[in-house]
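Please examine the sequence and the model shown below. The paragraphs that follow proceed from single residues to the chain as a whole.

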Amino acid sequence: MSWGELAGYWPFILGLMATGAVSGVFAGLLGIGGGAIIVPAFAYALQWLGYDGDVVQHVAVGTSLAIIIPTGIASARSHYKRGAVDTGILRLWAPAIFASTLLGGLTAGLYPGDVLRIIFGVMALFIAANILLPFQQRLIGHLHSSPVTHRIFATLVGYVSALMGVGGGSLSVPTIAALGATMHKAVGTGAAIGVFIAISGTIGFVISGWNTGNLPPFSLGYVNLVALVLIGGLAALTAPLGAALAHRLDQRTLKLVFATFLVFVGINMIWKAFAG
């Protein structure tokens with residue numbers, strides 16, 4: 001398919017750009033990479049174009065991680081300028097995050113597409129429940145001074161984030177907050193952690209999908225370059241706007257809206273996995 005033929009898919013292209021703009025705002029707003037929006041939206045777009053279900057989910061997840069690189073950098077820089085990145089926590093999390101996310105990307109090809117959908121759906125529901133009923137704080141709040149605890153959670157967040165195609169903020173932000181950080185510090189540090197997740201996860205998905213057939217055109221492994229440019233470009237532009245809004249708006253209302261969205265997406269993903 002040539003670039004000229006690709007231009008004929010203007011609804012698809014406009015949809016990707018809209019996805020990028022919205023995911024970028026949420027990335028800055030909540031310290032997430034935007035993958036919770038990008039993965040389902042891009043997966044549906046690829047299915048609309050007629051691609052195989054297993055390939056669709058892997059490409060959506062791998063591309064989402066690649067897109068989160070510019071989004072995460074833009075969001076993290078905005079939060080860092082406001083003093084909202086805890087470098088001590090970042091140093092504890094970064095090595096474990098990078099290693100576990102790379103492992104997740106390299107092993108993603110071993111999972112069928114429906115397994116990835118179930119993982120995404122179940123974790124989305126877990127994240128929504130934790131946003132509405134922050135049970136993590138009650139369970140692990142007393143362990144905030146333990147470096148081992150930080151590294152264990154970083155490893156879990158990294159691997160699961162790779163399989164979901166998210167920047168980890170939906171998991172890392174409530175975890176860091178439960179371990180004693182303020183919400184603004186947790187959001188800013190979560191955005192920075194998302195950069196490490198995105199880089200190592202992207203490397204893993206490029207390698208694991210390198211010899212896979214029936215991929216969309218202009219793909220490197222499970223990373224689609226067209227979506228990377230369109231979604232990533234718009235997301236990087238709008239992420240600073242979300243970061244600015246995060247310091248002005250009512251966080252409780254934002255959490256409720258995001259949790260509702262996650263419940264909808266999570267149930268839909270699980271339904272698609274079982275219904276076919």
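Does Thr107 count as buried or exposed? In this predicted model, Thr107 has a relative accessibility of 17%; because the cut-off for a buried residue is under 20%, Thr107 counts as buried. The residue belongs to helix 5, which spans residues 87–107. The side chain of Thr107 also makes a polar contact within the protein: it reaches the backbone oxygen of Gly104 at 3.4 Å.

Gly168 is located between helix 8 (147–164) and helix 9 (169–178), and its relative accessibility is 1%. Since buried means under 20%, Gly168 is counted as buried as well. Along the sequence, 28 residues separate Gly168 from Phe196, while in space their C-alpha atoms are 9.7 Å apart.

Attention may now turn to the surface. Arg248 is placed in the loop that connects helix 11 (225–246) with helix 12 (251–275). With a relative accessible area of 70%, Arg248 is exposed, because the cut-off for that class is over 50%. Arg248 is also part of a surface patch of positive charge, in which it gathers with Arg77, Lys81 and Arg82.

The protein chain contains 12 helices and two strands. Their order along the sequence is α-α-α-α-α-α-α-α-α-α-β-β-α-α. Of the 276 residues in the protein chain, 53% are buried, and Thr107 and Gly168 are among the buried residues.

Notes: Residues are numbered from 1 along each chain as its sequence is written. This is a predicted model: local features need pLDDT of at least 70, side-chain atom pairs count only at pLDDT 80 or more; totals for chains, interfaces and linings use all residues. Side-chain values use heavy atoms; hydrogens and water are left out. Helices (H or I, at least four residues) and strands (E, at least two) are DSSP runs, numbered from the N terminus. Buried means under 20% relative accessible area, exposed over 50%, partly exposed in between (1.4 Å probe, protein chains only). A polar contact is a pair of N or O atoms within 3.5 Å; within protein, one must be able to donate a hydrogen and the other to accept it, and residues adjacent in sequence count only if both atoms are side-chain atoms. Patches are made of residues with over 30% relative accessible area and no salt bridge: like charges are joined within 9 Å, nonpolar side chains (Val, Leu, Ile, Met, Phe, Trp, Tyr) within 5 Å. Accessible areas come from the Shrake-Rupley method with a 1.4 Å probe; for residues, only the protein chains shown count as cover. A salt bridge is a side-chain nitrogen of Lys or Arg within 4 Å of a carboxyl oxygen of Asp or Glu. Lys and Arg count as positive and Asp and Glu as negative; His and the chain ends are not counted. The place of a charge is taken as NZ of Lys, CZ of Arg, CG of Asp or CD of Glu.
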